[in-house]
Amino acid sequence: MTTEEQISLARAYPAVLRAAIGLGVYAGVFGATFGAVSVGSGLTVGQTMTLSLVMFSGASQFAFVGVAAAGSPWAAIPAALLLGVRNAFYGVPISEILAPHGWRRLVTAHFVIDETTAMAVGQAEPRAKQYAFWSTGLILFTLWQTGSLVGALLGTAIDPARFGLDAAAPAVFLALLWAQLRTRSAKVVAVLGGLVAFLLIPVAPAGVPVIAAAGVAVAAGLAVRPRPGGAS
Amino acid sequence: MTALLVALVIASVGSYLLKLAGVSSPESVLANPTVQRIAGFLPVAMLTALVVVGLADGDGDGRWSFDGPVLAGFGAAVIALLLRAGVLVVFVVAVAVTALLRLLI
């Protein structure tokens, strides 16, 4: 390693750690919201924590709880899994960065989520990428679990609606969606997906409107032909 | 209750297996452009659907129903996003506006 690289790394680490802690604080609050919404939807504290510990993917967890609370636990499975498909694709850059093998691969896989991937990919040097992945992953996991537990315990004592927490999930979903609406095709997919879900609400069983929106994504992915050199 | 527990375990373990498949698959499978486009569109379509269902059928009874304070809180969240606020601020704004309106109405 050259001196220049060492200086660059020394500068990168505190900045990476600060960003990881920032994401962790957000995850703690978001986790507390999840915990409160989850027990408010009728899940026990134990079930809520199983989702946070094992599923460990915010959007999937909210989707599972939302669809299951509407009275359809079986429809909640594809809703959560289809939202988790993106984590599989994050595995491509993460495999290149960490090259995990054996038992390390089993551990690494659990931490492959939106935030860790964005942080790892966002660094310049290979070692900074690895540091970003693990620091973000461990801080976020710890605070997500702590937040979920606190939220679930408080949620059994309070009425989530009284504190406006029923507005939290749509708002957070929109915020997560916002950054992905840069291209015209993504905007079209969002509008069509939303429209399909809206129209299906009164006619389809609970959970189906969200799963049907996945069909729009598949159809759009097959239909769109990216123009060479241009954003589709 | 038992159905919920079984579904919960299947969905949780399945989510982990998706992540594991990602770090275990040969790149050629996941690098297919069509597959990548679909994967990119999935969260866009489904997150929008979750937003729509949360707003238009918040009580989950399979009928269109709208809640004034939630819609107002969501509107405030949109404004916050237009002002380039982060997720945490958006969350606080939506929840605070909704709770405040419920307190006042």
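This is a predicted model: local features need pLDDT of at least 70, side-chain atom pairs count only at pLDDT 80 or more; totals for chains, interfaces and linings use all residues.
User: Which is A:Phe56, buried or exposed?
Analyst: Residues are numbered from 1 along each chain as its sequence is written, while chains are lettered from A and ligands numbered from 1 in the order in which they are written. A residue is buried if 20 or more other C-beta atoms, placed from the backbone, lie within 10 Å of its own, exposed if 12 or fewer do, and partly exposed in between. A:Phe56 has 25 other C-beta atoms within 10 Å, so A:Phe56 is buried.

User: Where does A:Phe56 sit in chain A?
Analyst: Phi of A:Phe56 is near 40°, positive in a residue other than glycine. Helices (H or I, at least four residues) and strands (E, at least two) are DSSP runs, numbered from the N terminus. A:Phe56 belongs to the loop between α2 and α3 of chain A.

User: Is A:Ala99 buried or exposed?
Analyst: A:Ala99 also has a positive phi, about 40°, although it is not a glycine. Its place is the loop between α4 and α5 of chain A. Inside 10 Å there are 12 C-beta neighbours, so A:Ala99 counts as exposed.

User: How many helices does chain A have?
Analyst: Chain A has 0 strands. Along the sequence the pattern reads α-α-α-α-α-α-α-α-α-α. The count of helices is 10.

User: What is the radius of gyration of chain A?
Analyst: The radius of gyration is taken over C-alpha atoms, and the globule rule is 2.2 Å times the number of residues to the power 0.38. For 232 residues, a compact globule would come near 17 Å, and the value for chain A agrees with this: 19 Å.

User: What is the radius of gyration of chain B, with its 105 residues?
Analyst: Chain B has 5 helices and 0 strands. The globule rule gives 13 Å for 105 residues, and chain B is well over that, so it is more spread out than a compact globule. The radius of gyration of chain B is 19 Å.

User: What share of the contacts in chain B with a separation of 6 or more join residues 24 or more positions apart?
Analyst: Two residues are in contact if their C-beta atoms, placed from the backbone, lie within 7 Å. In chain A, among contacts between residues at least 6 apart, 71% join residues at least 24 apart. For chain B the share is 26%.

User: Which helix of chain B has the highest confidence?
Analyst: Chain B averages a pLDDT of 89, and 98% of its residues score at least 70. The lowest mean, 71, belongs to helix α2 (residues 27-30) of chain B. The highest, at 96, belongs to helix α4 (residues 68-82) of chain B.

User: Which element gives the most to the side of chain A that touches chain B?
Analyst: The predictor gives the complex an ipTM of 0.88 and a pTM of 0.80. In the model, 84 residues of chain A are in contact with 66 residues of chain B. With 19 residues, the element that gives the most to the side of chain A that touches chain B is α4(A).

User: What distance separates the centres of domain 1 and domain 2 of chain A?
Analyst: Domain bounds come from an automatic or database domain assignment. Domain 1 covers 3-162 and domain 2 covers 180-232. 10 residues of domain 1 of chain A are in contact with 7 residues of domain 2 of chain A. The centres, taken over C-alpha atoms, are separated by 25 Å.

User: How many residues does the largest nonpolar core have?
Analyst: A nonpolar core is a set of buried Ala, Val, Leu, Ile, Met, Phe, Trp, Tyr and Cys residues joined through C-beta atoms within 7 Å. Residues with the most contacts inside the largest one include A:Val210 and B:Met46. Both domains of chain A give residues to this core, so it lies between them.

Key: pLDDT is the predictor's confidence in each residue, from 0 to 100.
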